[in-house]
Amino acid sequence: MKLARNRIVGLSLTVVLATTICAAAGGAEDETPYTLVDASPTVIMALRDNGSNLTCVALDEGLIFFDASLSTRTASLFRRAMETRFKRRTIALVLTHAHLDHILGMGAFDDVEVYAAAAGRPRWEHFVGIEWDERAVKGYASVFPTLPDELPDAALRLPTAWFDDELVLGEGDDTIVIRRTGGHTVDSSSAVVGAERVVIAGDLVQARRRPYFGEPDTDFLAWINALEEWEKLEVGGVCPGHGPVIDGAELGVIRQWFQEAAASMAKTKQGGASFEEVLTDPGLPAGYWPAEDAAPRWWAYCVKRLYDAS
Ligand SMILES: [Zn+2]
């Protein structure tokens, strides 16, 4: 990892958490770091319990990957597996947004073009500039427990190519349309692939788990709009940033929760509830995630973000 002037040390853990997390990482790496899921004949997702999912799109001219997870080793394994399966070279990596659990493994793609939305550049520069001293490692490891194991192999660097609001790769039936919509973060980007309209959603979809929406640049309206656009498209399947591949009907359930949560919080705030009262009882609708999922520590950031924006 390249060392640079640390801009994390000295900040509170609150800030570290609020600027880092999407959905908290799980437990230790096991022997099988992912489960392969064929979202279509040419879109293959590596389902991960720890760090983000990774997705590969097999174009005629080569392979395009989306997100790199926390782990360079896992990203390398998945890349090699897809190159063997499709007998094609890798030509690019697209990073859906600058959250560590999606980008830290990007060293597995240091020989190809790496695309990201320019709107995320400040966050990128922040992460690339971190000096990984003991305090920084400890702070981030409280959110991503396996981060200390991944850092020795990590090669975080700026993307090689920025795009603004749209990037088109491939052609014909193979076309991949990547759009930055914001929502989860201002740089949140996603792809619609080919005639089958398979969506690679990044963290705009965090399926069957609590979504992280606690960033200063989280935008609920943009997020809901992105989900609605996919529903109109009658998509052929959705590869989320976290969680299993889902269909369009489940997408509608998630979108409905976001709408109801926004409406519920607005009503609560208009009723005069203070943030402290809301934190005790957010009054949010029942989640689309398993009821037994306890609220993680970052849930408070999400509630605060929604309260402030309401
Ligand atoms: Zn995220």
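Two strands pair if DSSP finds at least two bridges between them. In this predicted model, seven strands form an open sheet in the order β1-β2-β3-β4-β5-β6-β7, and their pairing is mixed. At the edges stand β1 (35-38) and β7 (161-163). Each of these has a single partner strand, so one side of each is left without a neighbour in the sheet. From one strand to the next, the twist averages 25°.

The loop between β2 (43-47) and β3 (54-59) holds D49. In sequence, D49 and P244 are 195 residues apart, yet their C-alpha atoms are 9.9 Å apart in space.

The helices α7 (residues 220-233) and α8 (residues 248-270) pack with their axes 10 Å apart, at an angle of about 155°. Angles over 145 degrees count as roughly antiparallel, and α7 and α8 are therefore roughly antiparallel to each other. Their crossing is left-handed. On the α7 side, the contact is made by F220, W223, I224, L227, E228, W230 and E231; α8 contributes G248, L251, G252, I254, R255, F258, Q259 and A262. The residues of this contact divide into nine nonpolar, three polar and three charged.

Notes: Residues are numbered from 1 along each chain as its sequence is written. This is a predicted model: local features need pLDDT of at least 70, side-chain atom pairs count only at pLDDT 80 or more; totals for chains, interfaces and linings use all residues. Helices (H or I, at least four residues) and strands (E, at least two) are DSSP runs, numbered from the N terminus. Axes are lines fitted to C-alpha atoms, for helices over the stretch in contact, and angles run from 0 to 180 degrees between N-to-C directions. Angles under 35 degrees count as roughly parallel, over 145 as roughly antiparallel, 65 to 115 as roughly perpendicular and the rest as oblique. A crossing is left-handed if the near helix is turned anticlockwise from the far one by less than a right angle, and right-handed if clockwise. Two residues are in contact if their C-beta atoms, placed from the backbone, lie within 7 Å. Ala, Val, Leu, Ile, Met, Phe, Trp, Tyr, Cys and Pro count as nonpolar, Asp, Glu, Lys and Arg as charged, and the others, Gly among them, as polar.
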